[in-house]
Amino acid sequence: YISKEKYTGFDHNDMWNDVSLHGQYTLYCHKDLPYLVSVSSNSKTKTIILGLVYDPFSNQYNDVAIANELNSYLSTGDEQRFYDKFEQLCGSFLCIFSTDSNIRIWPDTFATKSIYYDKKHFEIASHSQILCSEYHYSLSNEYINITKDEQYCHRVDKSLPGIITPYAEINRLSCNTYIDLPSCEVHRFFPIRTNTYKYNENTIDEVCDFFVKQVKMLADHNKLAISVTAGNDSRLTLASSKLIRDKVFYYTIPYRYDAKYDASFANTMVTELGGTHHILDFHDDADNAFRKVIQDESDNITDVLSENIAYTLHKEFPKDYLHLKSNGSETCRAYLRQLHPHGLSKKLTIKKAVWFIYGFKDNALFEKIFEDSLTFTNFPKSEIYGYDVYDLLWWEFYDGILQADAQRYYSREQDMVLAFNCRKMINMMLSVPTKEKMGDKFYHALIKKMWAECMNYPINAHKQKKLTFSKKYIRPIIDYIRCKTM
């Protein structure tokens with residue numbers, strides 16, 4: 001929590017550190033949350049990295065040298081070198097830069113440490129509930145209307161659209177923007193330049209090198225867990241762990257019918273590949289007190305399944321393990337272009353954004369919220385600096401929201417980082433021509449390069465259905481026409 005006034009609203013106040021920032025602002029953070037602090041020689045600037053941070057490219061793990069390097073660039077106004085270093089960073093963290101007159105805060109690649117800002121009192125918190133309880137805000141009419149929306153009510157994932165929260169006075173910071181205090185102004189920092197990485201004949205080797213170095217670094221400093229399914233995402237993370245497979249706690253939660261197949265499939269695959277796999281018993285009997293904690297952590301937008309998974313982790317996941325999650329890969333795989341191969345035009349419209357992200361057609365409420373969010377964050381409406389706007393859309397307004405929400409659901413039960421939570425690695429994969437990513441050609445090449453035997457096992461075999469004439473020929477035409485009319 002970054003506040004202008006001394007804050008005493010936490011339970012067990014002795015469990016919180018406080019760090020002085022610019023002027024009257026103070027950063028309050030839980031004592032279990034690691035942080036690095038770098039202060040310039042003249043004491044006029046301070047850079048704080050809040051959370052777990054590491055750089056596989058420079059072989060640095062939670063090292064104050066990372067904060068020192070960032071502070072040296074920021075204090076001299078060298079933004080290019082700052083962003084060059086910042087894009088190499090992985091983990092789950094915030095970067096805070098404080099001067100005599102300003103505080104600037106950047107999220108990590110998928111904003112896994114959430115940032116909520118109070119537009120009325122110019123303060124920031126990790127949970128909107130902190131700001132709400134401090135200033136006694138009421139639920140907004142906009143949020144109430146969302147909870148009554150028929151399409152939203154039928155959606156399993158209850159994440160809110162765009163940058164809104166249940167409270168009109170509070171917004172969330174999207175993953176490719178930063179915020180200044182005390183002005184509470186939000187600015188876009190990605191993309192603001194052409195991709196610095198150029199696709200070449202060595203790209204597969206370089207991306208594989210990143211994933212292998214990352215998993216080794218994490219295993220060297222933690223007891224490491226990797227969740228495994230029959231799907232694409234976890235197959236790459238599994239492949240990256242080939243050299244340290246004897247150190248990894250591989251696991252699967254059979255939380256529904258297809259996940260039961262995942263669990264059995266993963267158990268066979270990992271065992272035959274020489275690892276040790278665990279099927280965690282699924283618990284759906286959490287008491288109301290436990291559910292209330294998860295609901296409070298997530299602005300009451302959680303769902304029963306997420307609460308049950310959190311309870312399963314509470315009961316079954318081994319303590320003191322770090323979970324390397326495989327989410328976020330869709331951003332790197334031209335996901336929306338694969339989903340709508342015949343229907344995407346160069347220009348993004350609001351109707352398309354709502355349909356692609358939520359599957360909602362002709363939803364005026366969500367379209368208004370999305371339009372306001374895209375405008376406020378200065379989100380591009382077409383290709384920019386060589387980046388595909390549909391990759392950016394999925395990154396910022398799907399993965400960048402869903403993964404932050406997942407962190408809040410489960411962070412009490414396990415520490416976690418995303419395998420894809422690195423801007424430099426994403427830049428590498430976004431540089432790959434779209435035609436190379438279609439059909440996951442490039443993605444599967446990465447898996448084969450790191451651990452070829454992983455591809456001896458079919459990916460999502462239980463979800464593969466024979467293409468009917470309608471699905472193969474008629475549906476793409478309908479998809480194309482629908483996109484053209486949006």
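The legends below describe close-up views of a predicted model.

**View 1. Glu 413, a buried acidic residue without a salt bridge.** Glu 413 sits in the loop that connects helix H14 (389-410) to strand E18 (415-418). Although Glu 413 is buried, it forms no salt bridge, and the nearest side chain of opposite charge, that of Lys 319, is 4.4 Å away. When neighbours within four places in sequence are left aside, the residues in contact with Glu 413 are Phe 290, Ala 310, Leu 313, His 314, Phe 317 and Lys 319.

**View 2. Ile 294 in helix H9.** Ile 294 belongs to helix H9, which spans residues 288-297, and because its relative accessibility is 1%, Ile 294 counts as buried. Not counting residues up to four places away in sequence, Ile 294 touches Thr 302, Glu 307, Ala 310 and Tyr 409. Arg 412 is 118 residues from Ile 294 in sequence, while the C-alpha atoms of Ile 294 and Arg 412 are 8.9 Å apart in space. Ala 310, which is touched by Ile 294, is also listed among the contacts of Glu 413.

**View 3. Strand E14 and its parallel partners E15 and E17.** Strand E14 (residues 223-227) pairs in the parallel sense with strand E17 (residues 321-325) over four bridges, and within this pairing Lys 223 stands opposite Tyr 321 of E17. E14 also pairs in the parallel sense with strand E15 (residues 248-252), again over four bridges, and here Ile 226 stands opposite Tyr 250 of E15. Together with helix H7 (residues 232-240), strands E14 and E15 make a right-handed β-α-β unit.

**View 4. Strand E12 between its antiparallel pairings with E8 and E13.** Five of the five residues of strand E12 (residues 177-181) are buried. Thr 177, Ile 179 and Leu 181 point one way from E12, whereas Tyr 178 and Asp 180 point the other way, and all of these residues are buried. Strand E8 (residues 103-107) runs antiparallel to E12 and is joined to it by three bridges, with Ile 105 having Ile 179 as its bridge partner in E12. E12 pairs in the antiparallel sense with strand E13 (residues 185-188) over four bridges, where the bridge partner of Tyr 178 is His 187. E12 and E13 form a hairpin with three residues between them, and in the turn Cys 184 has a positive phi of about 60°.

**View 5. Val 354 in helix H12.** Val 354 lies in helix H12, which covers residues 350-358, and Val 354 is classed as buried because its relative accessible area is 0%. With neighbours within four places in sequence left aside, Val 354 is in contact with Gly 359, Phe 360, Phe 366, Glu 367 and Phe 370. Val 354 and Ile 48 are 306 residues apart in sequence, and their C-alpha atoms are 36 Å apart in space.

**View 6. Cysteines in a structure with zero disulfides.** A search of the whole structure finds zero disulfides. The closest cysteine sulfur to that of Cys 208 is in Cys 454, and because the two sulfurs are 12 Å apart, they are too far from each other for a bond. Cys 208 is buried, with a relative accessible area of 5%, whereas Cys 153 is partly exposed, with a relative accessible area of 41%.

How values were computed
Residues numbered from 1 in each chain as written. Predicted model: local features only at pLDDT ≥ 70, side-chain atom pairs only at ≥ 80, totals over all residues. Heavy atoms only, no water. Helix = DSSP H or I, 4+ residues; strand = E, 2+ residues; numbered from the N terminus. Buried < 20%, exposed > 50% of the residue type's maximum accessible area, 1.4 Å probe, protein only. Lys, Arg positive; Asp, Glu negative; His and termini not counted. Salt bridge = Lys/Arg side-chain N within 4 Å of Asp/Glu carboxyl O. Contact = heavy atoms within 4.5 Å. Pairing = 2+ DSSP bridges. Right-handed = clockwise from strand over helix to strand, strands pointing away. Disulfide = S-S within 2.5 Å.
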